Amino acid sequence: QVQLVESGGGLVQAGDSLRLSCVASEGTLNPYYMAWFRQGPGKEREFVGGINWSGNKDTYADSVKGRFTISRDNTKNTVWLQMDVIQADDTAVYYCGARDPWGSAQDPNEYKYWGQGTQVIVSS
């Protein structure tokens with residue numbers, strides 16, 4: 001059992017920056033692949049970015065490439081999503097998830113654990 005807790009969301013203006021955090025308050029992130037997903041109003045949950053256990057490989061959805069950066073510190077059981085140049089379309093509830101290293105990166109059904117989500121609202 002892994003309990004994930006996101007934080008850092010809030011109300012921002014277009015062009016601002018945010019850093020979201022995901023902490024394993026119970027259990028450990030070892031050996032999971034970690035990812036951020038988001039779900040906007042009326043939309044399905046979509047992949048945002050993911051990072052492998054060692055932290056040397058990350059991947060992103062085309063919509064956030066060059067703007068968002070995912071990172072992790074396994075000694076702190078924490079994963080971050082640095083959001084820069086935030087756009088109105090980034091408005092969503094952001095979730096972190098954990099999956100086995102051998103799973104599918106972008107399929108939310110492959111993830112074993114989820115946080116409760118943190119809301120990001122962007123005013124344009």
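1. Strands in this note are DSSP runs of at least two residues, labelled E and numbered from the N terminus. Glu44 sits in the loop that runs between strand E4 (33-39) and strand E5 (46-51). The model is predicted, and the points below should be read with that in mind.

2. Is Glu44 buried or exposed? Its relative accessibility is 70%, and exposed means over 50%, so Glu44 counts as exposed. With neighbours within four places in sequence left aside, Glu44 is in contact with Arg38 and Gln39. Gly10 is 34 residues from Glu44 along the chain, and the C-alpha atoms of the two are separated by 21 Å.

3. Arg38, one of the contacts of Glu44, also has a charged partner. The side chain of Arg38 forms a salt bridge with that of Glu46, at 2.8 Å from N to O.

4. Besides its polar contact with the side chain of Asp90 at 2.8 Å, the Arg67 side chain reaches the backbone oxygen of Ser63 at 2.9 Å. Beyond four places in sequence, the contacts of Arg67 are Gln82, Met83, Asp84, Val85, Ile86, Gln87 and Asp90.

5. Val85 is not a glycine, yet its phi is positive, at about 50°. The residue lies in the loop between E8 and E9. Because its relative accessible area is 48%, Val85 is classed as partly exposed.

6. Which other charged pair deserves a look? The side chains of Asp100 and Lys112 meet in a salt bridge at 3.7 Å, N to O. This pair links distant parts of the chain, 12 residues apart, with Asp100 and Lys112 each placed in the loop between E9 and strand E10 (113-114). Asp100 has a relative accessible area of 16% and so is buried, while Lys112, at 42% relative accessibility, counts as partly exposed. Elsewhere, salt bridges with shared partners join Arg38, Glu46, Arg67 and Asp90 into one network. Over the whole structure, the search finds 5 salt bridges.

7. How many cavities of 30 Å³ or more does the structure hold? There is 1, and the space in the largest cavity is about 40 Å³. Its lining consists of Arg38, Gly40, Lys43, Glu46, Asp89, Thr91 and Ala92. By class, the lining residues are 4 charged, 2 polar and 1 nonpolar. Arg38 and Glu46, which meet in the salt bridge of point 3, are among the residues of this lining.

8. Asn77 is in the loop between E7 and E8. At 18% relative accessibility it counts as buried, because the class covers values under 20%. Phi of Asn77 is near 55°, which is a positive value in a residue other than glycine. Leaving out neighbours within four places in sequence, Asn77 is in contact with Cys22, Val23, Ala24, Gly27, Thr28 and Leu29. Gly27 is 50 residues from Asn77 along the chain, with 8.8 Å between their C-alpha atoms.

9. The bond from Asn30 to Pro31 is cis, and its omega is near 5°. Pro31 is located in the loop between strand E3 (18-26) and E4.

Terms used:
Residues are numbered from 1 along each chain as its sequence is written. This is a predicted model: local features need pLDDT of at least 70, side-chain atom pairs count only at pLDDT 80 or more; totals for chains, interfaces and linings use all residues. Side-chain values use heavy atoms; hydrogens and water are left out. On a 1 Å grid over the protein atoms alone, a cavity is a set of points where a 1.4 Å probe fits but cannot get out, and a pocket is an open set with protein on both sides within 12 Å along at least five of seven lines; lining residues have an atom within 4 Å of a point. Grid points are joined across faces, edges and corners, and a volume is the space filled by probe spheres set on the points. Ala, Val, Leu, Ile, Met, Phe, Trp, Tyr, Cys and Pro count as nonpolar, Asp, Glu, Lys and Arg as charged, and the others, Gly among them, as polar. A polar contact is a pair of N or O atoms within 3.5 Å; within protein, one must be able to donate a hydrogen and the other to accept it, and residues adjacent in sequence count only if both atoms are side-chain atoms. Contact means heavy atoms within 4.5 Å. A salt bridge is a side-chain nitrogen of Lys or Arg within 4 Å of a carboxyl oxygen of Asp or Glu. Helices (H or I, at least four residues) and strands (E, at least two) are DSSP runs, numbered from the N terminus. Buried means under 20% relative accessible area, exposed over 50%, partly exposed in between (1.4 Å probe, protein chains only).
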